[in-house]
Every structure is written in C-alpha cells, then in structure tokens.
Amino acid sequence: MSEKLWGGRFTKTTDEMINEFQASIGFDKRMYHEDIAGSIAHASMLAKCGIISEEDRDKIVGGLKDILARIEKGDFEFDVAFEDIHMNIEKRLTDAIGEAGGRLHTARSRNDQVALDTHMYVRREAVEVEKLILDMQKALVETAEKYSDVIMPGYTHLQRAQPILFGHHLLAYFSMFSRDFARFNGVYQRADIMPLGAGALAGTTFPIDRRFVAEFLNFENIYTNSLDAVSDRDYIMEFLSAASMLMVHLSRLSEETILWCSREFSFVELDDAHCTGSSMMPQKKNPDVSELVRGKTGRVIGHLMAMLTTVKGLPLAYNKDLQEDKEGIFDAIDTVKFSLAVYARILRGMKVNRDIMKRAVDEDFSNATDLADYLAKKGMPFRQAHAVSGQAVHYCIEHHKWLVDLTMDEFKALSPMFDEDIKDAILPETCVKTRNSLGGTSYEQVDLQIRAAKGLMDTERKITEEHEDKQIQVD
C-alpha cells in the first residue's frame, strides 16, 4: 500500500519517476513558516469551534513549533516521497504526536492550504520589496543632492538635446520607482485575502469560523467564493507584472550606467568594489552588475509570460498546472530583491565626473532651443525662430564654432533681434536655471522635487511599516 497521506484509494505505490516529476518540495520548502503559521491558525479555529479538542490543539501546536525549530536549525529532512512542504510537515507531525496530528487536516484541503501559504508568502515578500524600493529611492535622492549643481546633456534618440541637471535625471528614476512602490502596495492588497476554508473547491460541511482564521493571521479580507479562493493566481501574476516593470526600470538605469562609465562618455566612475576585471586584458573595469541586472530583466519578464500562459486556459477550480506558479515567483522575488539591493550600493559608490559632463554641454549645440526661445520671447514666431537657430547651428558647424563663440556681428547677421544678452541666455547654467516650469530641470524645480520625494518616502515608509506589523511570527 502507498504511504501517501492520500493513499487510501490506491493499491499501488507511486512510481518513483512520477514522484520526482510531481514533487514540489525542492522549491516550496521555503514556505515552511507560512505553512506552520497557517496550520496553527487552523488548529486553533478547529478547537474554538469544538471540531477538535483543546488537548489535540495543544499537541498539534506544540508539535508544529517543534518542527519549525528543527527546520530553522537545519535538522529536518525533507522527503520527496511526500511531495510538498504541506505533506512533509503533516507527516512528521503525525509521526511525532500520533492521532492528534491526523485531525489537523479536518475541514481543510491541500488546495486551500497551498493557496493560504502562497498568499502569506507573497504578502510577506511584497513588504520586503517595498523596503528595498524605498532604499533605492533614498540612494537616488542622496546622489541627486550630492551632485545638485552638476549639469549634463539630456538626450533624445541618444543624441544630445538640452542641458539638464544630473539630479533631475536621477529623480526621473525616483518617479519610476515610486510607481513601482504603488504597484507592490497593490500586490500586497490583492495577496491580503484569506482563502482557507474553501476546502478543495466547494467549502466544507464542518461549522468553521473563517473570520477567526483571517484575524489570527492578520488578513484584511476573506474570499467570498470557494472556487475563486483555490484557483485565483491573480496576485501572483500581479506580483510578476510589478516585478517585470520594476526590472525594466532597473534595466534602463543599467543601460545608462553602462554608457556613462564607458571611455566614450566618462560621465561616471563606478567604485572598484562594484566592478570586475578581465582575465586577459589588465586595463578593463567592467560594469558587470549593471549588465547582469539588464540580463536578469528578461528572466523576470519570462516568468510573467509563463504564468500568464499557464493560467489562460485553466477551467475552475484547482488544476495541477497551478503548481507551476511557485518556481517563477520564487525566482522573480530573489532576482528583484538582489537587483535592488546591489543597485542602491552602486549609486552610493558612484563618482560623478562633473567637469566632463560640463564640457559635454559646453561643446555641443544643446543650447540651440534656448537660442530659438530667446528670439520667440523678443516677438519672433517660434517656427521662424527655430529656423534661425538651425541656420546658426549650420553656420557654426561650417566655421568650427559653438553658438557661444559667435560674435555679435555674426548674431546680427542671422537676425537683428539679437542683443548683447544672447551670450548669457545660451550659457548651460542659464539654460538650466530658466527651465523653471513645474517639473522642469531648473535648480529651484529640482529642489522642490527632492523635497517632494522625501515627503513621499515618509508616506511609503509608513505604509511599509503597517504592512510589516501585520506579518505573522510563530513564537
């Protein structure tokens, strides 16, 4: 006879290859804390409702805490024959405390048990990602403040476009990560729904108290449809979607970091501790971390696509296909957390070559728009001013000059509306200073953005602390 906890109906033991193929213990064992916390809550509810005795509850809770201590000491052997973390713990519990252990699964299916564990795990990891996003945002603000007066070229089409503050550029990423934080806050809310009590798919005949379990485990909401409770994986797809967008933002920052620290740009230099060398070329200092983050982005996006594809054709309620939700989400969690942590270090260790950035805006035509704006402010229609500015650029290219090098006679030859103040109007510092529209790159606007960023981080920190306070610890 099979030794499976579900083996009563079977007359043969499971083929070893089948055991290996369907087992998930190799990866879902990381949810041991959630499984034990959920089982303690379930046992406590069963006793409260008179479904099991208080004596059995105490044996179950004591046995589960002993198992938790053994797992955390590394003194627990997981057995592939028992498929997953849930059956491994229940089997060891029953071996340890006898008949009482067999009563733990009353009014519960592995379907709603798995769903509960995954909800709790995703909820906890969403908080960890929120904390790391906050640290990444803090690193961006710190770096923006540290180099608050540094001017660099802003780009479109990877061509120099207009002078901007380096801090303004970094704060664009702050805004991206703020949206990421909001998305993970949404993930937390969608994971904060309690599925236990749905049974396999139709509920249970026992007089359970689902609200008691929800309160015990600090869940804000409860699934109101048992079919939805065991088959819903929206919160996992939402986590993977939020993770994919976050990684895309990190990848864009990585691409710019890689460009900026190249010899061709030389805008920044990464700390030696955050780079690697070449086994053949002794001069090399490679931005491997940025390249790896850029590469791992595709991996996380792949997990999202895999999960969407897995779920798209599934009938209600539970299907074994849903076991495929674990490896992708676990890997995405690890990848996102590690990528955020290392990037905050890269930003804090990065040195900005302010003189090289300044030279880049002195020796180009990124002030051409300001020349056109100057004429427009004098009354010339902007389209005509744009044409005059383009002619000025063409003249400079032919005569190997920059716009600031033109004499007043040369300016007057282009348009009699030019006056002596044109020289100051097209200095990079002026180009930055006068872009004072809301959200612009002026010193004043960037200072306002930094102050707003700090205020937003205070709000995000409170949200994270509230979420963290709700996490269950087994004493």
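Leu46 counts as buried because its relative accessibility is 0%; buried means under 20% relative accessible area, exposed over 50%, and partly exposed in between, with a 1.4 Å probe and protein chains only. This is a predicted model, in which local features need pLDDT of at least 70 and side-chain atom pairs count only at pLDDT 80 or more, while totals for chains, interfaces and linings use all residues. Residues are numbered from 1 along each chain as its sequence is written, and side-chain values use heavy atoms, with hydrogens and water left out.

Leu46 sits in helix 3. Helices (H or I, at least four residues) and strands (E, at least two) are DSSP runs, numbered from the N terminus. Residues up to four places away in sequence aside, Leu46 touches Ile51, Ile52, Arg103, Leu104, Thr106 and Ala107, where contact means heavy atoms within 4.5 Å. From Leu46 to Arg124 there are 78 residues in sequence and 25 Å in space, C-alpha to C-alpha.

Ile208 lies in the loop between strand 3 (193–194) and helix 9 (210–216). Ile208 is partly exposed because its relative accessible area is 21%. Not counting residues up to four places away in sequence, Ile208 touches Met45, Cys49, Ile51, Ala107 and Gly197.

Now consider the whole protein chain. Its secondary structure comes to 20 helices and six strands, and 49% of its 475 residues count as buried. The C-alpha atoms fill a box of roughly 100 × 50 × 40 Å, taken along the principal axes. The radius of gyration is 30 Å, whereas a compact globule of 475 residues would have one near 23 Å; this radius is taken over C-alpha atoms, and the globule rule is 2.2 Å times the number of residues to the power 0.38. Among contacts between residues at least 6 apart in sequence, 76% join residues at least 24 apart.

Empty space comes next. Rolling a probe the size of a water molecule over the atoms shows where empty space is left. On a 1 Å grid over the protein atoms alone, a cavity is a set of points where a 1.4 Å probe fits but cannot get out, and lining residues have an atom within 4 Å of a point. Grid points are joined across faces, edges and corners, and a volume is the space filled by probe spheres set on the points. By this rule there are two cavities of 30 Å³ or more.

The largest cavity holds about 60 Å³ of space. Its lining consists of His33, Glu34, Met120, Arg123, Arg124, Gln471 and Ile472. Helix 3 (32–48) and helix 7 (110–146) are the elements that give two or more residues to this lining, and helix 7 gives the most, with three. By type, the lining has two nonpolar, two polar and three charged residues; Ala, Val, Leu, Ile, Met, Phe, Trp, Tyr, Cys and Pro count as nonpolar, Asp, Glu, Lys and Arg as charged, and the others, Gly among them, as polar.

The second largest cavity has about 30 Å³ of space. Among its lining residues are Asp35, Leu64, His86 and Gln113. Helix 5 (85–97) supplies at least two residues of this lining, as does helix 3.

Lys470 lies in the segment after helix 20 (443–469). Leaving aside neighbours within four places in sequence, its contacts include Arg123, Tyr188 and Asp192.

Technical notes. On a 1 Å grid over the protein atoms alone, a cavity is a set of points where a 1.4 Å probe fits but cannot get out, and a pocket is an open set with protein on both sides within 12 Å along at least five of seven lines; lining residues have an atom within 4 Å of a point.
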